[in-house]
Amino acid sequence: MGTFLDSFSFMADRLPLLLEKTGQHVWMCAVVIAVSLAVAVPAGLWLGHLHKGEFLTTSISNIGRALPNLAVIAIGLGIFGLTFTNIAIALLITAIPPILSQAYLAVDQVDPDLVRSARGMGLTPAQVLFKVELPLALPLLFSGIRIAVVYVISSATLATVAGGGGLGDIVLGQATYGLQGVIAAALWVAALALLADGGLALLQRALVPKGLRAARS
């Protein structure tokens, strides 16, 4: 219990260090999430719109869950060395599967009657996707994004293995920062994940149509 309480003293005494490492951590996670969104969201939405690719999205999701991040980083050390590329690939393998699978399911499960009605009104396939399917798919799509963000923030602590910095330098640096430092950084990571999830929840509430929110509640 004493060590746990000491971790708060560590936060107060080493606040500049924690803020510096938090900045590195957030930058790594932001780059990975941005790339994941750019790759997985369009692919998942379009495959869901076509109602094709269920096996592909499920397989990618299963592979992403099965591959340990530490193993991917260790393998990458022999290929990319101590570079950000190595870390990014490992984190992308964590982030892309839940976003891709949820984006696919979000559109694939939209009520077919609504889609047929939209087509009957003369909407083009792109208009059906962006004006009908996407607004209805937002809640499930955001759930995948929120899962990916929490996964990436927690997994990014392993970046220190490849020299990536971030809060993992403290979490895995007991010899340098002591057990109280490890606990303090771990609490910092948990708080960061909760803040990110809460921010995305607010963004989801702002973007999801009010009528859809009322129907879900």
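Reply: Start with a definition for the surface. Patches are built from residues with over 30% relative accessible area and no salt bridge; like charges are joined within 9 Å, and nonpolar side chains (Val, Leu, Ile, Met, Phe, Trp, Tyr) within 5 Å. Accessible areas come from the Shrake-Rupley method with a 1.4 Å probe, and for residues only the protein chains shown count as cover. A salt bridge is a side-chain nitrogen of Lys or Arg within 4 Å of a carboxyl oxygen of Asp or Glu.

Two notes on the source. This is a predicted model, where local features need pLDDT of at least 70, side-chain atom pairs count only at pLDDT 80 or more, and totals for chains, interfaces and linings use all residues. Residues are numbered from 1 along each chain as its sequence is written, and side-chain values use heavy atoms, with hydrogens and water left out.

Now the salt bridges. The structure holds three. One joins Asp169 to Lys21, with the closest N and O atoms 2.9 Å apart. Asp169 lies in helix α8 and Lys21 in helix α2 (residues 15-50), so this pair ties together parts 148 residues apart in sequence. Helices here are DSSP runs (H or I, at least four residues; strands are E, at least two), numbered from the N terminus. Lys21 counts as buried, at 11% relative accessibility. Buried means under 20% relative accessible area, exposed over 50%, and partly exposed in between (1.4 Å probe, protein chains only).

Another bridge pairs Arg146 with Asp197, again by closest N and O atoms, 2.9 Å apart. This pair links distant parts of the chain: Arg146 sits in helix α7 and Asp197 in helix α9 (residues 174-207), 51 residues apart. Arg146 is partly exposed, at 24% relative accessible area. Asp197 is partly exposed too, at 23%.

Arg116 and Asp113 form a salt bridge as well, their closest N and O atoms being 2.3 Å apart. Both lie in helix α6 (residues 112-120), three residues apart, about one turn of the helix. Asp113 is partly exposed, at 44% relative accessibility.

Back to the surface. Leu70, Leu77, Leu82, Val161 and Leu172 form a nonpolar patch there, with about 450 Å² of accessible area together. Val161 is in the loop between α7 (125-155) and α8 (168-171). Val161 counts as partly exposed, at 37% relative accessibility.
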